[in-house]
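This report is for a reader who is new to the structure.

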Amino acid sequence: MPNPDLASQFTVNPAALDGCGQSAQHIAQQVPGETAKIVGPSDQASAALKGWLTAGALHDCSANWKTLLDKLSGEMAGCGTRLVQTAAGYRQGEQSVYAHLQGGSPTVGTGAQAAAVPDPWGTVLAGEATPTAAERKAR
């Protein structure tokens, strides 16, 4: 029977996540300025159609289109932010594991909010002296 853990190999590229997130945020910032340009020409066209039922429909269609595009840009900005945060989380996890394997204390959080996480298993890395009972208890 094949090992199910081998079939579900999963890789993450934090740089790619970060780049995609920043691109999404950048594009999202540009959308509202561009959608504002839709309303003016549409209103000019609908003004030229006075008396026609299509005048109001053209205005409403353009206004609704702008609203939906602006909403989409907000969602895109939120997704971009979450991608950037996810990339940072993966990087922090990698750094924490690396620090732990090097004999340092793993940390949770970033910057000034980082706090050492105690090792509940009393792990001893190869080459380290076995801790005494008092040292294990202090951990």
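Lysine 66 has a relative accessibility of 21% and so counts as partly exposed, since buried means under 20%. The model is a predicted one. The side chain of lysine 66 forms a salt bridge with that of aspartate 70, at 2.6 Å from N to O. Aspartate 70 is partly exposed as well, with a relative accessible area of 22%.

Side chains of opposite charge can pair when their charged atoms come close. The structure has two salt bridges. In the other, lysine 37 meets glutamate 34 at 3.2 Å, N to O. Both residues belong to helix α2, which covers residues 14-47, and they lie three residues apart, about one turn of the helix.

The accessibility of the residues in these pairs is listed below.

| Residue | Relative accessible area | Class |
|---|---|---|
| Lysine 37 | 52% | exposed |
| Glutamate 34 | 47% | partly exposed |
| Lysine 66 | 21% | partly exposed |
| Aspartate 70 | 22% | partly exposed |

Helix α3 runs over residues 53-101, 49 residues in number, and spans 72 Å from its first C-alpha to its last, close to the 72 Å expected at 1.5 Å a residue. Its buried residues include Ala55, Ser62, Gly78 and Ala87. Aspartate 60 also has its place in α3 and is partly exposed, at 44% relative accessible area. Between the C-alpha atoms of aspartate 60 and aspartate 43 there are 9.6 Å in space, and the two are 17 residues apart in sequence. After α3 comes glycine 103, with a positive phi near 100 degrees.

How values were computed. Residues numbered from 1 in each chain as written. Predicted model: local features only at pLDDT ≥ 70, side-chain atom pairs only at ≥ 80, totals over all residues. Heavy atoms only, no water. Helix = DSSP H or I, 4+ residues; strand = E, 2+ residues; numbered from the N terminus. Expected span 1.5 Å × (residues − 1). Buried < 20%, exposed > 50% of the residue type's maximum accessible area, 1.4 Å probe, protein only. Salt bridge = Lys/Arg side-chain N within 4 Å of Asp/Glu carboxyl O.
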